[in-house]
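I opened my notebook to look up charged pairs and surface features. The entries follow in the order I made them.

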Amino acid sequence: EVRGYIIIFQDLTEIKKLEERLRLSEKKALLGQLAAGLAHEIRNPLSVISGSIEILSQDVKPSDENVRLLKIAIQEVERLNILVEDFLLLTSPIQRLETLVDVSRIIDETVESFLGAASRNGFDVIVNTQKGLYVRADFPQLKQVFWNLLINAREAMPNGGKIIVEAHAEESDIIVKFSDEGCGMDEKTISRIFEPFFTTKKVGTGLGLAIVQKIIEGYNGRISVMSAENKGTTFTIALP
């Protein structure tokens, strides 16, 4: 005779998060094995190709078409070299440095380089940072983080808009925010943006944000994202 029921509700949120982190770590471990082989197998042929192009450039007739083709070849070799470097950075442990670096200075330099390299047609970058924000990190690696986030924001605004970069101290952390007025993302996309090789772009490797997360977490930092479709996106970094 049934006299009643016992119903148990269990919050599985943390378990699901752990499962997701485990899945990502397994994917990155596999990527690490691949990267180690790629670095050796691709770098050597690239060096030979690069040297051969340099020698050929001295002998070919300097016509417009020849110059154009040589320029394309050099650019593609550089692109492959950068891809190999990204693989290695993504799969190697972050070497923690004891050097104090000024976050506001890195932001200023990165924005200046970005504006010099990108077309400013229809968009602008507004910087609002406190001075004297120091963290223990590698200057070039943080610059790469900020560069990748600027590129990401720019590509989210094909019709132009504002990118706002903010930085301030908050308790024991330095908080850095990159906000754009771009197309935004839905929940499904947000849940996957830090996965290696995941991209919504027609051109790209899908490694940019994975590298950003790897570097930030390598310095015991945190990165999060808030986004809404057609309203823009904000990446928030907290560095100790």
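I looked up Asp173 and found a salt bridge to Arg222, with the closest N and O atoms 3.2 Å apart. A salt bridge here is a side-chain nitrogen of Lys or Arg within 4 Å of a carboxyl oxygen of Asp or Glu. Asp173 lies in strand S5 (residues 173-180) and Arg222 in strand S6 (residues 222-228), so the pair ties together parts 49 residues apart in sequence. Helices (H or I, at least four residues) and strands (E, at least two) are DSSP runs numbered from the N terminus.

I noted that this is a predicted model, where local features need pLDDT of at least 70, side-chain atom pairs count only at pLDDT 80 or more, and totals for chains, interfaces and linings use all residues. Residues are numbered from 1 along each chain as its sequence is written, and side-chain values use heavy atoms, with hydrogens and water left out.

Is Asp173 buried or exposed? Asp173 is buried at 15% relative accessibility, while Arg222 is partly exposed at 48%. Buried means under 20% relative accessible area, exposed over 50%, and partly exposed in between (1.4 Å probe, protein chains only).

Next I looked at helix H3 (residues 103-117), where Arg105 and Glu109 sit 4 residues apart, about one turn of the helix. Their side chains meet in a salt bridge (3.1 Å, N to O). Arg105 is partly exposed at 48%, and Glu109 is partly exposed at 26%.

I then found Glu14 in a salt bridge with Lys17, at 3.8 Å between the closest N and O atoms. Glu14 and Lys17 are 3 residues apart in helix H1, about one helical turn.

Last, I recorded that the structure holds 10 salt bridges.
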